[in-house]
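Let's take a walk through a protein together, one stop at a time. Have the sequence and the 3D view ready, and follow along as we go.

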Amino acid sequence: MVSLPGSPATSLLQVLFLGLSTFAPPACAQLQLHTPAGLTRLRAVEGAEVVLPAWYTYRGETTLAQPPLEVLTLMWFLEQSGKDLKQVLAYINGVTTSQPGASLVYAMPSRNVSLRLQGLQEKDSGSYRCSLNVQDRQGKSRGHSSKTLTLDVLIPPAPPSCHLLGVPRVGTNVTLSCQSPRSKPIAQYEWERSPPSAEVFFAPVLDTIRGSLSLKNLSASMSGVYICKAYNEVGSAHCNVTLEVSTGPGAAVVAGAVVGTLIGLGLLAGLVLLYQRQGKALEEPANDIKEDAIAPRTLPWPKGSDTISKNGTLSSVTSSPALRPPQHPSRTGASTPSPSLRALTPISSPGGVVSSALSPKRAVPVMVPAQTQSGSLV
Ligand SMILES: *[C@@H]1O[C@H](CO)[C@@H](O)[C@H](O)[C@H]1NC(C)=O
Ligand SMILES: *[C@@H]1O[C@H](CO)[C@@H](O)[C@H](O)[C@H]1NC(C)=O
Ligand SMILES: *[C@@H]1O[C@H](CO)[C@@H](O)[C@H](O)[C@H]1NC(C)=O
Ligand SMILES: *[C@@H]1O[C@H](CO)[C@@H](O)[C@H](O)[C@H]1NC(C)=O
């Protein structure tokens, strides 16, 4: 036994390695799947196509000649973090099955098993694993191998939207903002002023990450068209905003005047409404008083009762039983007041029409006291 120098851990590793290499069939070690040297990550643009290159050889072979007696099982899988392994393409027993947009670059049988992906979408990003298993015609394994290539599907910036934040007046500050709704990797921004007074802006007035351009102490000469470019490594898009620096009274002042006028008008309207309501409210009690006054007036009440009711309602109520005895003879004697009172109860009566016209909602409640009054009089 060979004495292995080093720690027990390294000895264990070496033993394991030796063990694996001895247990594995010699043919397995010979099959090799290749990807271009140094290539582990690919980038492609959304909507475009990409080829994930892969091919296999046997150790010691120099040509890609296809041995006639090979049975190939080939699979391309997509691995995405947090998602199930997805089979993109399979070539089994001479039959190819694939997801839409996925195909092999070379017709099988071929030792070049490169995968082509067309009409790329952002969701096609992930790790593509090529897994290969070769047998001879007798069903004896000639080896197994796999390789992984990572694909990033990039998105050029979508057309950004440009905005002017602030009121452009001489001496004030404004910010021009620019944002692209979609881009991968995240877009960067630059602002420039279009000719004739072309100008390119840099930090600190320009924030390349946020897309904002800060313009301070505005002057009339700074008026013009400002163009924003949103860009990443696969594309760019533009928007623009026109800056018009005003010298007269600022838009804020004008806006303030307009708002002030509107508030004034609103207050005036409110006052008018309030006044009208109060006028109605004053009319209504007057009407009630009038109706209350009608009832006694139609009755041939003694003048004393009038004076009592004028002194106070409470005294008139307490005095009313005392006044009843004289009322009874007068009511039975003079038949004119009671029909007139009964005529007041239906709404069709002249009194009812007047009260309903003045306060439609209170017409009925007003009539009820009149009725009870007449009832108490009977
Ligand atoms: C296999 O095909 C891919 C794509 O066409 C190519 O890039 C690669 O070089 C090919 N491999 C060999 C060994 O020819
Ligand atoms: C404009 O920016 C300058 C410099 O940052 C600042 O001193 C000034 O107060 C700003 N003016 C207004 C109106 O915000
Ligand atoms: C603003 O600009 C005017 C001239 O355009 C200059 O006189 C003034 O000093 C500037 N103010 C500030 C705060 O930079
Ligand atoms: C500004 O954008 C509009 C469309 O949004 C475009 O028609 C116009 O040509 C642009 N102006 C400049 C100076 O880029």
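We will visit a sheet, then one tyrosine, and finally the surroundings of a ligand. Keep in mind that this is a predicted model.

Begin with the sheet. Six strands make up an open sheet, and reading across it gives the order β2-β11-β10-β5-β6-β7, with mixed pairing. At its edges you will find β2, covering residues 41-45, and β7, covering 95-98, each of which pairs on one side only. Ignoring direction, neighbouring strands in this sheet are turned by 20° against each other on average.

Strand β6, made of residues 86-92, pairs with β7 in the antiparallel sense over four bridges. If you look for Y91, you can trace its bridge partner in β7, which is T96.

Next, move along to Y189, which sits in strand β14, residues 188-193. Is Y189 buried or exposed? A residue counts as buried when 20 or more other C-beta atoms lie within 10 Å of its own. Y189 has 23 C-beta neighbours inside 10 Å, so it counts as buried. Setting aside residues up to four places away in sequence, Y189 touches C178, T208, G211, C228, K229 and A230.

Our last stop is ligand 1. Around it you will see V51, P53, W55, V105, N112 and S114. Sorted by class, this shell has four nonpolar residues, two polar ones and no charged ones.

Methods:
Residues numbered from 1 in each chain as written. Chains lettered and ligands numbered in written order. Predicted model: local features only at pLDDT ≥ 70, side-chain atom pairs only at ≥ 80, totals over all residues. Near = placed C-beta within 6 Å. Nonpolar A, V, L, I, M, F, W, Y, C, P; charged D, E, K, R; others polar. Pairing = 2+ DSSP bridges. Helix = DSSP H or I, 4+ residues; strand = E, 2+ residues; numbered from the N terminus. Axes fitted to C-alpha atoms, helices over the stretch in contact; angles between N-to-C directions. Buried ≥ 20, exposed ≤ 12 C-beta atoms within 10 Å, placed from the backbone. Contact = placed C-beta atoms within 7 Å.
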